[in-house]
Amino acid sequence: MGQKETTVMLQGVIGDVDLTIPEDIGIRVRSSIFIGETEIDGSKEAGMPNKTEWQSADYESSEYKINLDISYFVGDVKIRML
């Protein structure tokens, strides 16, 4: 059987992240953006610096999980659940 939990690290100086995640996958996001905004499942956070920690309601019980660690100096993060 394949791995059921995956960690993805996105780092850089400038960048935009725009992801759509299926609802049946649990997701945990740790985002650190110095200048920019973060929007996860319709909820926006902005400011300097912008640090966000979020997880889907069904994260713990999901069979498959994604952990996103995002770190940019300047950027925007948008994650939608589909």
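A residue is called buried when its relative accessible area is under 20%, exposed when it is over 50%, and partly exposed in between, using a 1.4 Å probe and protein chains only. At 36% relative accessibility, arginine 30 therefore counts as partly exposed. The structure discussed here is a predicted model, in which local features need pLDDT of at least 70 and side-chain atom pairs count only at pLDDT 80 or more, while totals for chains, interfaces and linings use all residues. Residues are numbered from 1 along each chain as its sequence is written, and side-chain values use heavy atoms, with hydrogens and water left out.

Helices (H or I, at least four residues) and strands (E, at least two residues) are DSSP runs, numbered from the N terminus, and two strands pair if DSSP finds at least two bridges between them. Strand β2 covers residues 26-40 and runs parallel to strand β5 (residues 65-81), with 12 bridges joining the two. Within this pairing, threonine 38 has valine 77 of β5 as its bridge partner. Strand β2 also pairs with strand β4 (residues 50-55), this time in the antiparallel sense and over six bridges.

With a relative accessible area of 29%, glutamate 37 is partly exposed. What does glutamate 37 contact, leaving aside its neighbours within four places in sequence? Taking contact to mean heavy atoms within 4.5 Å, glutamate 37 touches Lys44, Glu45, Ala46, Asn50, Gly75, Asp76 and Val77. The C-alpha atoms of glutamate 37 and leucine 10 are separated by 15 Å, with the two residues 27 apart along the chain.

Attention now turns to the nonpolar core. Such a core is a set of buried Ala, Val, Leu, Ile, Met, Phe, Trp, Tyr and Cys residues joined through side-chain atoms within 4.5 Å. The largest one has 13 residues, of which Ile21, Ile27, Val29, Leu68, Ile70, Val77 and Ile79 touch the most other members. Strands β1 (5-21), β2 and β5 are the elements that give two or more residues to this core. The largest share, six residues, comes from β5. Valine 29, one of the core residues named above, is in contact with Ile40, Thr52, Glu53, Trp54, Leu68, Ile70 and Ile79 once its neighbours within four places in sequence are left aside.

Aspartate 18 is exposed, at 52% relative accessible area, whereas arginine 80 is partly exposed, at 32%.

A second salt bridge is formed by the side chains of glutamate 60 and arginine 28 (3.4 Å, N to O). Glutamate 60 lies in the loop between β4 and β5 and arginine 28 in strand β2, so the pair ties together parts that are 32 residues apart in sequence. Glutamate 60 is exposed, at 54%, and arginine 28 is partly exposed, at 21%. The side chains of aspartate 69 and arginine 30 also meet in a salt bridge (3.7 Å, N to O). Aspartate 69 belongs to strand β5 and arginine 30 to strand β2, 39 residues apart, and the pair links distant parts of the chain. Aspartate 69 is partly exposed, with 21% relative accessibility.

Notes. Salt bridge = Lys/Arg side-chain N within 4 Å of Asp/Glu carboxyl O.
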